[in-house]
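Q: I am new to this structure. How do I read its cores, surface patches and salt bridges?

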Amino acid sequence: MNKQKLASFVSIALSVIFTVSFGLFFHFKVLMPKANSVYERLLYYPEALYEKYEAEAEKMIASNEYNSQYPIQTTFYSEDGRTTLIMEIGDYKDTHGYSNYLTATVKNFGTSTQEISFERSRKSAEEAQKSAESYRTLMHLLTIFFIGLFTILAVYLIYSSTKRRYFRVYLTMAMIIVGTIMVKFAISFYGIK
């Protein structure tokens, strides 16, 4: 085996090993832990917590005092001489699909005809189940997409190796590794979850 064939063989072998290793790393260390965490949070429906939020809201409305052990935001607005109170209790700042908070709306606030209604951020355990299953389906499609992407990367690296463009092969691998390290550093530095 001459040196050119040996160099091509080594480059092809490294291309395959790199692509498979990076794909497995990405799948098992990046994609799946995050996907499993989000799936579990989507699936969990805290009925008891919503009941606590509702009891807390009723207590605050009755006492006309708006301090709570839970995060709370109150908004008053007036329309046609009637005051409406909107109170959000819980993870209202969290914009994820699995955030749990209760919105209490009090129309005609402070009068004998006040009407209180409650709305949960997630309506029921069945809705949570459907949302979690939809997310799981999306993650399966995303996994298929990344398999296709890594397959294209492998084909590109192998093709470049057979054309003896070794610098391009190793530069691509190095850029992927450096990019991954930079993203990992940025995530840990900025505390992105």
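The dialogue below takes these features in turn, for a model that is predicted.

Q: Which residues of the largest nonpolar core touch the most other members?

A: In soluble globular proteins, nonpolar side chains tend to be buried together. Here the largest nonpolar core has 18 residues, and Leu42, Tyr135, Phe150 and Leu157 touch the most other members. Helices H1 (3-43), H3 (125-162) and H4 (166-190) each give two or more residues to this core, and the largest share, eight residues, comes from H1. Another core, of 16 residues, lies apart from it and includes Tyr50, Tyr70, Val106 and Ala128.

Q: What is Leu42 in contact with, leaving aside its neighbours within four places in sequence?

A: Its partners are Gly97, Tyr98, Arg122, Ala128, Ser131, Ala132 and Tyr135.

Q: Which residues form a nonpolar patch on the surface?

A: Leu6, Phe9, Val10, Leu14 and Tyr170 do, with about 450 Å² of accessible area together. H1 gives the most to the patch, four residues. Leu6, which lies in helix H1, has a relative accessible area of 44% and is partly exposed.

Q: How many salt bridges does a search of the whole structure find?

A: Side chains of opposite charge can pair when their charged atoms come close. The search finds three salt bridges. In one of them, Glu47 pairs with Arg120, with the closest N and O atoms 3.0 Å apart. Glu47 lies in helix H2 (residues 47-63) and Arg120 in strand E4 (residues 115-120), so the pair ties together parts 73 residues apart in sequence.

Q: Is Arg120 buried or exposed?

A: Arg120 has a relative accessible area of 18%, so Arg120 is buried. Glu47, at 34%, counts as partly exposed.

Key: Residues are numbered from 1 along each chain as its sequence is written. This is a predicted model: local features need pLDDT of at least 70, side-chain atom pairs count only at pLDDT 80 or more; totals for chains, interfaces and linings use all residues. Side-chain values use heavy atoms; hydrogens and water are left out. A nonpolar core is a set of buried Ala, Val, Leu, Ile, Met, Phe, Trp, Tyr and Cys residues joined through side-chain atoms within 4.5 Å. Buried means under 20% relative accessible area, exposed over 50%, partly exposed in between (1.4 Å probe, protein chains only). Contact means heavy atoms within 4.5 Å. Patches are made of residues with over 30% relative accessible area and no salt bridge: like charges are joined within 9 Å, nonpolar side chains (Val, Leu, Ile, Met, Phe, Trp, Tyr) within 5 Å. Accessible areas come from the Shrake-Rupley method with a 1.4 Å probe; for residues, only the protein chains shown count as cover. A salt bridge is a side-chain nitrogen of Lys or Arg within 4 Å of a carboxyl oxygen of Asp or Glu.
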